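Me: I've just opened this one and I'm new to it. Can you walk me through a few spots?

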Amino acid sequence: MKILGISGSPKKNGNSEQMINRVLAMAEKRGFTTEKVFLSEMEIKPCIACGNCRESEECPIKDDMEKIYPKLDEADAIIVASPVYFGSPTAQLKALFDRSVLLRRHNFKLSNKIGAGIAIGGSRNGGQEKTIQVIQDWMHIHGMVVVGDGGHFGGIVKKPFSEDETGTKTLDDTIEKVCDLLEMMKKT
């Protein structure tokens, strides 16, 4: 089974990418196949609500989203990380979310996949829960099965990631929950 990790940060090698690397390494140790999408390495233009995807399975906007559609479709679980930008996810991540409507309009291709969110902010209460809520709303709209860290909303981390022991525990608990659920699904 495959877990896709998406870092919504425009910063290369930043906290969000490090967190995705950490959780995917944990998933690999449990035997899962993983793949990464780092938006710092991609260009995704915003949706223009042209409506073309109602009829066509192709978005008329030609950019790196074309590479991401099959990755989203092939994943069994998706874990999304974002820094908090003014109380919500980054514009880059929001563009990916909006453009993913194509997958919803064509047979709800993300439906029943496992989903989880991770957010990092400048303080302990720096907007992480609201950012995760936007991530989880996107997952719910696609019909995904959303999990948290077992006690709360998901990975809630304070910058810098490497120094936040409490936040790192929520990351670890979140990916463990994703893996546990995938293993339960595999048995059925």
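This is a predicted model: local features need pLDDT of at least 70, side-chain atom pairs count only at pLDDT 80 or more; totals for chains, interfaces and linings use all residues.

Me: What does histidine 142 touch, not counting residues up to four places away in sequence?
Reply: Histidine 142 touches Ser100, Leu103, Arg104, Phe108, Leu110 and Ser111, leaving out residues up to four places away in sequence. Touching, or contact, means heavy atoms within 4.5 Å.

Me: OK, where is histidine 142 placed?
Reply: Histidine 142 is in the loop between helix 5 and strand 5 (145–146). Helices (H or I, at least four residues) and strands (E, at least two) are DSSP runs, numbered from the N terminus.

Me: Buried or exposed, that histidine 142?
Reply: Histidine 142 is buried, with a relative accessible area of 3%. Buried means under 20% relative accessible area, exposed over 50%, and partly exposed in between (1.4 Å probe, protein chains only).

Me: What about tryptophan 138, where is that?
Reply: Tryptophan 138 is in helix 5, and at 6% relative accessibility it counts as buried. Setting aside neighbours within four places in sequence, tryptophan 138 is in contact with Leu72, Val80, Leu96, Phe97, Ser100, Leu110 and Met144.

Me: How far apart are the C-alpha atoms of tryptophan 138 and lysine 94?
Reply: They are separated by 9.3 Å, with the two residues 44 apart along the chain.

Me: Then which residues of helix 3 meet helix 5?
Reply: Leu93, Leu96 and Phe97 in helix 3 meet Val134, Ile135 and Trp138 in helix 5. By class, that contact has 6 nonpolar, no polar and no charged residues. Ala, Val, Leu, Ile, Met, Phe, Trp, Tyr, Cys and Pro count as nonpolar, Asp, Glu, Lys and Arg as charged, and the others, Gly among them, as polar.

Me: How do the axes of helix 3 and helix 5 cross?
Reply: The axes come within 11 Å and cross at roughly 15°. Axes are lines fitted to C-alpha atoms, for helices over the stretch in contact, and angles run from 0 to 180 degrees between N-to-C directions. Helix 3 and helix 5 are therefore roughly parallel to each other. Angles under 35 degrees count as roughly parallel, over 145 as roughly antiparallel, 65 to 115 as roughly perpendicular and the rest as oblique.

Me: Which residues of helix 3 are buried?
Reply: In helix 3 (residues 91–99), the buried ones are Leu93, Ala95, Leu96, Phe97 and Arg99. What covers them includes strand 1 (2–7), helix 2 (65–74), strand 3 (77–83), helix 4 (101–105) and helix 5 (128–141).

Me: Switching topic: how many disulfides are there?
Reply: A search of the whole structure finds 0. To count, a pair of cysteine sulfur atoms must be within 2.5 Å.

Me: Last one: where is serine 40?
Reply: Serine 40 is in the loop between strand 2 (33–38) and helix 2. At 13% relative accessibility, serine 40 counts as buried. Leaving aside neighbours within four places in sequence, serine 40 is in contact with Ser9, Pro10, Lys11, Lys12 and Glu17.

Definitions and conventions
Residues are numbered from 1 along each chain as its sequence is written. Side-chain values use heavy atoms; hydrogens and water are left out.
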